[in-house]
Amino acid sequence: MDEVVAAHEVGLESMSASAQPVVVRMTGVRRRFPGPPEVIAVTDATLTIRAGEHVAIMGPSGSGKSTLLNIMGLLDQPSEGTYLLGGRDTTALTDSARTRLRQETIGFVFQDFYLMSGRTAQENVALGLVYTGLDARQRHAIARQALETVGLGHRVHAMPSTMSGGERQRVAIARALVNRPSLLLCDEPTGNLDSATSAHILEILAGLRGSGVAVVTITHDPMVGAGADRLIQITDGRTFDPEPEHVGRSRQAVAVGSDDGAPARLPSVVGVRPPADVGQPVPRPSDGGTPVIPRSTHSAWHVWSAVAGEAIAGLGQKVSRTILTLIGTVVGVGAMVAIMGLTSTAAGQIDASFTALEATQVVVNDAGTPSPGGFVNSFPVDAVDRAGALNGVQACGVIQPVPNATGVVATDMTPTSLGVNAPVYGATRGYFETIDATWSDGGPYTLFEEDENLPVAVIGASLARQLGVDRAGGTMFVDGFVYRVVGVVSGVSSRTEALMSVFIPLEGMQERYGQPTQFQRATMVIHTRVGAARLVASEVARALRPDAVDAFAVVPPADPPRMKSVISASMSALLIALAGVTLLIGLAAIADTTLVAVMERVGEIGLRRAIGAFPRHIMSQFLLETLAIGFLAGLIGTSIAVIGVLATAISLRWTAIIDPWIILAGPFLGAVAGLVAGAFPAWKAGRISPIAALRR
């Protein structure tokens with residue numbers, strides 16, 4: 001990089017030529033602004049400005065100074081007349097050609113500095129080279145040299161907020177000169193400065209004469225006009241320029257000459273455009289103007305990587321605004337991913353639950369019809385043994401509501417009149433195994449107690465708490481009959497009504513209360529091995545009553561795949577719709593915030609256009625900002641969603657199921673949302689006129 005800087009200095013020395021070429025030549029330039037009423041801001045401006053000449057343009061407010069400066073800077077076009085910049089006619093140039101020429105030959109110094117608040121001095125100066133195609137290392141080395149030249153080598157990493165007005169203006173001058181312009185346009189460069197600082201700025205501008213840069217200054221300050229080589233007055237849009245060339249050259253000689261009249265070497269303040277081969281002469285235009293960078297040093301990749309870097313840096317300038325913009329998309333993408341994950345997890349749990357149910361449980365209902373002599377129980381006495389003999393059956397039990405019972409249950413400590421109404425069932429002992437009963441105390445009645453029809457009972461835990469029964473061994477009353485409690489059921493895998501019920505041996509119940517009736521029919525529950533339920537369901541009716549298969553209604557479990565698909569589809573449709581609404585809200589937040597940011601950064605946009613940014617660069621920067629916001633929001637939202645799904649699954653003891661494609665798609669969904677949301681604000685930013693932007 002030192003060789004690149006040295007090569008630049010070689011180029012600077014060659015600019016101190018005795019014959020100074022013409023940089024600006026205007027002939028009969030007029031600028032009309034259509035009305036009504038029509039306004040003529042510049043009338044018949046004719047002037048010539050040579051390399052190394054410092055020209056001051058003075059006039060009252062509204063006289064057309066700024067319009068004339070905008071035309072010189074290719075930010076505006078004349079309505080009539082011709083304007084030659086470096087010998088090139090600019091009148092018929094396209095906007096792209098004007099932008100390219102402005103980037104290569106013109107530097108701007110503004111009264112308001114237009115420094116990026118979140119950037120260091122070096123970064124602000126390097127901004128002048130962002131659109132030239134130089135890489136970041138070259139840009140920063142050139143910017144550092146330029147700051148050293150204007151006396152700010154010790155403030156390379158200082159922020160604008162820590163600088164004085166004079167220091168900020170010197171940073172702005174360095175930024176205007178790093179691209180090595182042949183024409184430097186200054187709009188009230190001392191307008192916001194005190195007299196001592198103004199004098200320092202004027203010394204820097206005077207030093208440019210020896211570097212061959214033509215300096216044009218718009219000013220109200222007589223001190224600036226007095227220090228210029230030539231003073232052009234403008235009134236009502238009309239310029240008064242006697243162009244005493246011999247006077248101009250004489251003043252320049254006095255200003256920069258040595259005692260013997262030879263031109264003095266002034267410190268170089270112009271930036272670097274490194275040649276392709278270090279040490280070789282820097283090529284010049286045919287008219288002897290500004291050195292140009294050989295095209296071999298240009299790289300479109302460097303330009304677009306610089307634009308991407310500017311987008312990332314732009315996000316860091318307003319961190320709070322960026323965070324607020326993120327929130328809506330984080331919620332939207334996070335909700336979308338969480339819903340997908342929770343739906344898959346819940347569907348997997350439903351599938352697992354129903355698969356287990358299908359593999360282990362079959363219900364057989366008594367479907368017999370009343371006979372002329374009354375309802376007849378369809379289950380044979382040895383029904384449990386018959387069903388239990390089927391291949392794949394692990395447990396089998398029969399349950400029947402107690403017919404003609406009041407269901408009043410009390411304990412030996414509670415009067416019957418204060419008892420609790422509860423369901424009472426007769427059940428075989430195998431029934432408790434089919435429902436996977438767990439016990440807080442005791443267990444099911446024994447085979448002996450069941451065969452001998454002993455007055456024993458099993459009670460559910462919820463009913464036991466109401467009755468004050470906390471353990472087996474006590475006595476209780478059911479419809480006035482005394483029973484000994486042998487077990488308390490604390491949990492079941494199915495038929496949760498068992499927790500509020502009383503169970504007594506089935507055969508003993510039928511002896512005491514009678515056979516089942518039409519309204520209190522018996523039911524058989526069968527527990528099978530995994531995968532055997534369907535086979536058992538197809539055979540059990542024939543095993544129970546070969547002579548009356550139709551006497552039973554066998555109920556296999558619901559088809560889990562179909563139930564799973566119905567539940568999953570219903571959950572997904574509703575929740576994804578809600579997530580979509582949330583994502584739209586996030587999308588609107590990005591669009592709104594970006595649009596506000598565009599309005600807030602109009603001055604920055606104007607500066608970028610002035611230093612050579614094309615509309616596509618401005619649009620791309622804002623699009624990249626919203627894309628980065630969307631991608632980051634998608635990444636954060638997806639991470640939060642995955643953590644939420646895992647936490648939910650762990651708390652419910654489920655197996656978390658998340659499709660990897662959903663996780664990968666989350667950030668890209670956010671990026672797409674950012675692009676869509678930023679499209680209109682970016683388009684609007686690209687269409688902002690640099691003149692209108694710089695006036696604000």
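Modeller: Gladly! One term to begin with: helices here are DSSP runs of H or I, at least four residues long, numbered from the N terminus. By that count, Ala543 sits in helix 17, residues 533-544. Keep in mind that this is a predicted model.

Biologist: What makes Ala543 partly exposed?

Modeller: Its relative accessible area is 23%. Buried requires under 20% and exposed requires over 50%, so Ala543, at 23%, is partly exposed. Leaving out residues up to four places away in sequence, Ala543 touches Arg386 and Leu390. Asp385 is 158 residues from Ala543 in sequence, with 10.0 Å between their C-alpha atoms.

Biologist: How confident is the predictor in the chain?

Modeller: The mean pLDDT of the protein chain is 80, and 82% of its residues reach 70 or more. Residues 1-18 have pLDDT below 50, though this stretch has 34 contacts in the model beyond near neighbours in sequence. Residues 244-296 also stay under 50, with 117 contacts beyond four places in sequence. Where pLDDT is low, predicted coordinates should not be read in detail.

Biologist: Why are Cys186 and Cys396 called buried?

Modeller: The cut-off is under 20% relative accessible area. Cys186 has 0%, so Cys186 is buried. Cys396 has 8%, which also falls under the cut-off, so Cys396 counts as buried too. As for disulfides, the structure holds zero.

Biologist: And Gln169, why is that residue called buried?

Modeller: With a relative accessible area of 0%, Gln169 is under the 20% limit and therefore buried. Gln169 belongs to helix 6, residues 165-177. Beyond four places in sequence, Gln169 is in contact with Val109, Phe110, Gln111, Phe113, Pro189, Leu193 and Ile201.

Biologist: What makes helix 2 mostly covered?

Modeller: Seven of the eight residues in helix 2, residues 65-72, are buried. They are Lys65, Thr67, Leu68, Leu69, Asn70, Ile71 and Met72. Just after helix 2, Leu74 takes a positive phi of about 60 degrees.

Biologist: Which residues touch the most other members of the largest nonpolar core?

Modeller: Met72 and Leu183 do, in a core of 54 residues. Strand 2, residues 39-50, gives the most to this core, with five residues. Apart from this core lies another, of 44 residues, among them Leu390, Leu463, Val540 and Ala551. As for Met72, its contacts beyond four places in sequence include Leu47, Tyr83, Leu183 and Val216.

Biologist: One more: what do the buried residues of helix 3 pack against?

Modeller: They pack against strand 4 (80-85), strand 5 (88-89), strand 6 (106-110), strand 7 (183-187) and helix 19 (602-610). In helix 3, residues 95-105, the buried residues include Arg98, Leu101 and Thr105.

How values were computed: Residues numbered from 1 in each chain as written. Predicted model: local features only at pLDDT ≥ 70, side-chain atom pairs only at ≥ 80, totals over all residues. Heavy atoms only, no water. pLDDT = per-residue confidence, 0-100. Contact = heavy atoms within 4.5 Å. Disulfide = S-S within 2.5 Å. Buried < 20%, exposed > 50% of the residue type's maximum accessible area, 1.4 Å probe, protein only. Core = buried A, V, L, I, M, F, W, Y, C linked by side-chain atoms within 4.5 Å. Helix = DSSP H or I, 4+ residues; strand = E, 2+ residues; numbered from the N terminus.
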